[in-house]
Amino acid sequence: MTDRLSPDLDEQAREILRGNDRGGYTVPTDGLYPYQWNWDSAFAAWGFSTFDIDRAWTELETLFSGQWEDGMVPHIVFHKDDPGYFPGPEVWGSGRTPPTSGISQPPVAAILARLIWARDPEAGRDRIAALYPKLLAWHRWWKRDRCGSGVAAVTHPWESGRDNCPDWDIGMAKVDGSNVGEYQRRDTGHVDASMRPRKEDYDRYLAILFFGRDCGWDQREIIRNGPFLMEDPGITFILLRAHEDLAAIGRELGHDVSELEGWAAELRAGVPQLWNPQVQGYDARDLRGDGFAGRVGSAAFLAYLADAATPALDKRMDEIWNRVSYGFPSADPAAEGFDPRRYWRGPSWPVVNSLIALGLQERGHAEAAERLRRETAEVIKKHGFFEYFDPIDGTPCGGDAFTWTAAIWLTWAGAGATDTEGET
Ligand code: GLC
């Protein structure tokens with residue numbers, strides 16, 4: 001029998017969502033991230049759906065108010081200017097209203113919209129029907145502008161959502177960051193610099209951004225000549241699952257979904273090209289020449305979400321997971337450069353855990369799914385709703401009172417079998 005683990009924490013989580021609400025959209029956390037972020041918002045909507053279904057749909061609708069004509073849904077929508085964040089709207093130069101960034105982020109919206117709709121089919125029908133063509137246009141953008149090699153590629157590490165992950169090191173090494181000039185970072189004014197990306201990485205992030213801005217965000221030019229292009233297992237699995245979920249939504253609404261089914265089938269056929277036998281896992285690949293990244297991190301295990309796991313991946317999952325105590329590490333602790341507290345170079349991210357657990361549960365790995373939920377719940381109960389955690393000792397890292405951590409508490413981590421849980 002499942003129940004809520006802790007009514008107090010439930011209330012705290014709801015308070016965080018309400019507190020980060022800026023009127024129709026939610027910021028990831030106050031200060032460090034003062035705008036609307038794409039996949040954070042989809043998680044926020046999922047969280048809101050546990051106590052305010054109307055507000056959940058509004059979150060997604062506001063996100064799509066930033067959608068471009070070509071279908072792209074940007075990774076940040078800058079609703080109100082805030083000097084506390086860099087690079088802000090003037091740096092991205094999208095020339096749009098509302099101003100936005102020029103890249104996208106993991107397309108989890110359709111996956112979570114389907115779950116939100118299931119909570120209240122009556123209340124959601126008109127809302128999802130209105131969102132459907134927008135979601136479809138975004139998925140078409142992914143297919144056309146990012147899946148040319150057979151799987152999904154990213155044009156900037158930030159597009160992957162796993163900004164600073166070692167997966168991108170080989171691609172980043174080729175980016176020339178020497179000409180970006182002077183700039184003032186804001187992130188290190190909010191959290192400890194040892195948890196954030198280094199200056200030389202930041203220079204390169206900006207160089208990639210400037211290339212996009214200077215060509216007017218011309219996607220063909222970015223794909224052809226941009227400084228960074230890597231295939232991403234994380235986006236590939238999320239997109240594959242999202243195509244299938246959007247097709248299910250479309251069917252329910254009475255649409256012809258053959259186009260979506262075709263995109264999903266093509267993407268599924270491309271998945272084996274991401275398998276790197278050398279590391280026995282799904283791996284990122286550099287399309288600018290250097291092959292595999294040689295890394296297995298948490299993104300590889302999103303394969304469960306897309307029904308693309310193999311027995312070899314099951315084995316790899318056990319090896320990597322058994323090296324830590326609090327959910328999936330974003331990088332393998334046995335690999336060189338693992339850093340348990342630095343942004344995506346080792347830490348465990350509750351949102352990624354929630355997606356992997358969803359997949360594990362559906363694929364018949366109920367025990368592993370429950371272990372992942374328990375480990376994630378434990379670290380949140382101990383330390384609070386932080387952005388991410390050291391996977392070995394559970395030290396809380398990054399921003400506090402974080403929207404998506406609160407959201408996955410309400411939807412997933414905080415729902416447990418009370419009789420088997422220890423102290424709260
Ligand atoms: C960081 C994360 C990204 C997230 C954003 C807001 O940039 O890497 O995934 O969307 O913060 O939380």
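The legends below describe several views of one predicted model. Residues are numbered from 1 along each chain as its sequence is written, and side-chain values use heavy atoms, with hydrogens and water left out. Local features need pLDDT of at least 70 and side-chain atom pairs count only at pLDDT 80 or more, whereas totals for chains, interfaces and linings use all residues.

**View 1. The whole chain and its dimensions.** The secondary structure comes to 16 helices and 12 strands, taken as DSSP runs numbered from the N terminus (helices H or I, at least four residues; strands E, at least two). Of the 424 residues, 61% count as buried, that is, under 20% relative accessible area with a 1.4 Å probe, protein chains only.

**View 2. The open sheet of four strands.** The strands follow the order E4-E5-E8-E9 with antiparallel pairing, where a pair requires at least two bridges found by DSSP. Strand E4 (153-154) and strand E9 (291-292) stand at the edges with a single partner strand each, so one side of each is left without a neighbour in the sheet.

**View 3. The pairing of E5 with E8.** Two bridges join strand E5 (residues 230-231) to strand E8 (residues 285-286), and Glu231 has Arg285 in E8 as its bridge partner.

**View 4. Residues 418-424.** Over this stretch pLDDT, the predictor's confidence in each residue from 0 to 100, stays under 50, and the model has nine contacts beyond four places in sequence for these residues, a contact meaning heavy atoms within 4.5 Å. The chain averages a pLDDT of 95.

Technical notes. Buried means under 20% relative accessible area, exposed over 50%, partly exposed in between (1.4 Å probe, protein chains only).
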